[in-house]
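Visitor: Can you walk me through this one? I'd like to start with the packing and then get to the charges.
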Amino acid sequence: MQITDPGGIEALHRLKATDPRLPLNPSLSATARAASRYLFSSLRPFTLKSPFDQLLVDGFDAEQIWQQIDLQSQPLLASLHRRVKQLEKNPEEVSKLKTVLGKGEKKVVEEMKEESEGLDEDSDDFDEDDEEDEDEEGEGKENEKVGLENVDEDQEDGGDSGESDSEEDNAEGGGGIEDQFLKIKDMQEFLEDGENEGRGLKKDNKMKKGGRFDEEGTEDEEEEDDDEENENDEEDDDEDDELGDFALEDDEDEENARYEDFYGAKQKKGSKKKVKFIDGSEGSDTGDEQDDKPFSSQKQETISTHEKQLEKQRSKIERMEKANMEPKNWTMQGEVTGPKRPKNSALEVDLDFEHNKRILEGHFDDVQRALRLPSKAPREIKELDENKSKKGLAEIYEEEYAQKTNLASAPLTFKDEQKKEASMLFKKLCLKLDALSHFHFTPKPVIEEMSIQANVPALAMEEIAPVAVSDAAMLAPEEVFTGKGDIKVETELTQAERKRRRANKKRKFKAGEAKRTPKKARESALPNPADGTKR
Amino acid sequence: MRCHDGRVQFRKVTVPPHRYSPLKKAWMDIYTPIYEQMKIDVRMNLKARKVELKTRSDTPDISNLQKCADFVHAFMLGFDVIDAIALLRLDELYVESFEIKDVKTLRGEHLSRAIGRLSGKGGKTKFAIENATKTRIVIADTKIHILGSFNHIKIARDSLCSLILGSPAGKVYSKLRAVTARLSEMF
């Protein structure tokens, strides 16, 4: 730990001297880093919990540097607050401190060294004993009281005040009341410095801030690292301002934090001390581990509720995982035959007998298919005729052309013909039904067709369909009988009439024979030469 | 009206051996429309196995000769006379020929199966395409000939190609239906 670092001091002075309105340059950032490092190391003896021995600036960006500073300064500020409040409450102690402050250098230095060593040893025992608060609080209060006034003024610049403290500690000696923790000289110096340099320091701070703001302005000249640093610095400045506003309201910290947090319990649990000391020395420079140290000390003594919960959960998870890994119970397996399960185990298990009843009823949990209502009328599907077309290609195109020019009516497609036939059949059926019912009379459609008229007696026709069919369609009397032919029966005939009939018959027969004979002559003529017989 | 430049022009159409006897049977049906209506002289050169066509003095248009030649050629490809006659009567009918190997290289059994797919059972697939697209199709081993108007030939060709490439007949039918419905709607 370098308390007097000439290079650092120089850097600090240079920073103070720079005009904030000047343009940025990389050297300024290097200066700033050196200055910060110097301040940090000056404050180091007062920061008891800090894991850093030195501010690490090489290769770190502004955010990381600031975090280190923050880690150091936060607890320091808190402790200072507390001390100041204590002193506020007990103004007598302030006077005590003042008397003590007139001692020599060496003692202070020695005491500081002792203090720093003691602090190192006890740094990890802070949170152990809450029970011994009352004894040690008094001492802590004294310290805090001294720092109170200064804290009010120098909230933003803990580093600077620390620096001034360290400088003047060397000059003065300690008083009789002082012990390893209480350095009255330090306190007095702190008070004085706070009064004198508060404003000056503030100016410095402002300059620094201004410098940072200016650095932000010209980005082109800076490297990327510097840009980041500058932007982060601005953020840091904002945070500083906030701290300044709320620094006085640190009551919460005060109540929670105790004397032991900073000065540790007196000779308690030596073994643990050693363990913790080793842990502390091995700890790396991360804030996380610093937090872990007090926590680990807590675990072994009193397990917090959170820890207990975690433990429970973990054990539960382990149990469940173990159970999953094992082979399942036979009831949980799918199909289990008799040999696979232990004997008579099915009797013990309460099987779901409701199944059988449901199967019998047919009461299954099947998903019912939701019926879709026909939204549109089904389109007419054109049937593909798979037979060889009877028309030639030319005819097809002919018809198409004719259709286009409307010369001829469109030829009926196969479907149309079927439709026609179907409609005809239906009409016939309807007609017959209407005739039977006698109610709604529709006359038979007159279709010019050739049909055979049956000479059915009119009486029979009238009975079945009296209205629909009239006897006018029947054969007329002259169609039934003209008057030619034999009217009288043979028994009625006289002799002369009988002879006349026979004569007529003969005449007809002879006339018929005369026609037939030339045909016979022709037919018989051909085979004659074959026979060789003459007729 | 004389021929174009007063000269007599010839066309000669070779008769493949498998069309020789059908030609003999249908000779009068071929001869009559060519000679009577188109006014083109036609004769069969038995030695060379060619049908020879010649313009006459009273041939109205030189294109008649070409039409007749196309008609005879269509018959030689395998089309029926009644279908081929359409070539004489309508101007905008064409014959397109392609081979199965133009579409997809198939060998042995695959080729046989493809041909079977094209025709269908009893030729029903082929007839279905013919009726739907108003074309006539001849499948001669690996050669396919389509007779019809330009658009219809295209549709028929697409259907046949998809059959060659392996799609089932049902799929081709559904596509055909859609296309022909659209075609018929246009008129």
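This is a predicted model: local features need pLDDT of at least 70, side-chain atom pairs count only at pLDDT 80 or more; totals for chains, interfaces and linings use all residues.

Visitor: Which residues touch the most other members of the largest nonpolar core?
Guide: Ile30(B), Ile34(B), Leu53(B), Phe71(B), Val72(B) and Met76(B) do, in a core of 33 residues.

Visitor: And which elements give two or more residues to this core?
Guide: From chain A there is α17 (393-405), and from chain B there are α2 (27-38), β2 (40-45), β3 (50-55), α3 (62-77) and α4 (81-89). The most comes from α3(B), with 9 residues.

Visitor: Moving on to helix α7 of chain B. Why is it largely enclosed by the rest of the structure?
Guide: Because 8 of its 10 residues (the helix spans 124-133) are buried. The buried ones are Thr125(B), Lys126(B), Phe127(B), Ala128(B), Ile129(B), Glu130(B), Ala132(B) and Thr133(B). Just after α7(B), Lys134(B) has a positive phi of about 55 degrees.

Visitor: Glu130(B) is charged. What does its side chain meet in a salt bridge?
Guide: Arg136(B), at 3.9 Å from N to O. Glu130(B) has a relative accessible area of 5%, so it is buried, and Arg136(B) counts as buried because its value is 4%.

Visitor: How many salt bridges over all chains?
Guide: There are 18. One of them joins the side chains of Glu96(B) and Arg157(B) at 2.9 Å, N to O. That pair links distant parts of the chain, 61 residues apart: Glu96(B) is in strand β4 (residues 93-99) and Arg157(B) in helix α8 (residues 150-165). Glu96(B) is partly exposed at 24%, and Arg157(B) is also listed as partly exposed at 24%.

Visitor: Now the surface. Which residues form a positive patch?
Guide: Arg502(A), Lys505(A), Lys506(A) and Lys510(A). Arg502(A) sits in helix α21 (residues 495-525) of chain A and counts as exposed because its relative accessibility is 56%.

Visitor: What makes up the nonpolar patch?
Guide: Phe426(A), Leu429(A), Leu433(A) and Leu436(A), with about 450 Å² of accessible area together. Leu429(A) belongs to helix α18 (residues 414-437) of chain A. At 47% relative accessibility, Leu429(A) is partly exposed.

Conventions. Residues are numbered from 1 along each chain as its sequence is written. Chains are lettered from A and ligands numbered from 1 in the order in which they are written. Side-chain values use heavy atoms; hydrogens and water are left out. Patches are made of residues with over 30% relative accessible area and no salt bridge: like charges are joined within 9 Å, nonpolar side chains (Val, Leu, Ile, Met, Phe, Trp, Tyr) within 5 Å. Accessible areas come from the Shrake-Rupley method with a 1.4 Å probe; for residues, only the protein chains shown count as cover. A salt bridge is a side-chain nitrogen of Lys or Arg within 4 Å of a carboxyl oxygen of Asp or Glu. Lys and Arg count as positive and Asp and Glu as negative; His and the chain ends are not counted. The place of a charge is taken as NZ of Lys, CZ of Arg, CG of Asp or CD of Glu. Helices (H or I, at least four residues) and strands (E, at least two) are DSSP runs, numbered from the N terminus. Buried means under 20% relative accessible area, exposed over 50%, partly exposed in between (1.4 Å probe, protein chains only). A nonpolar core is a set of buried Ala, Val, Leu, Ile, Met, Phe, Trp, Tyr and Cys residues joined through side-chain atoms within 4.5 Å.
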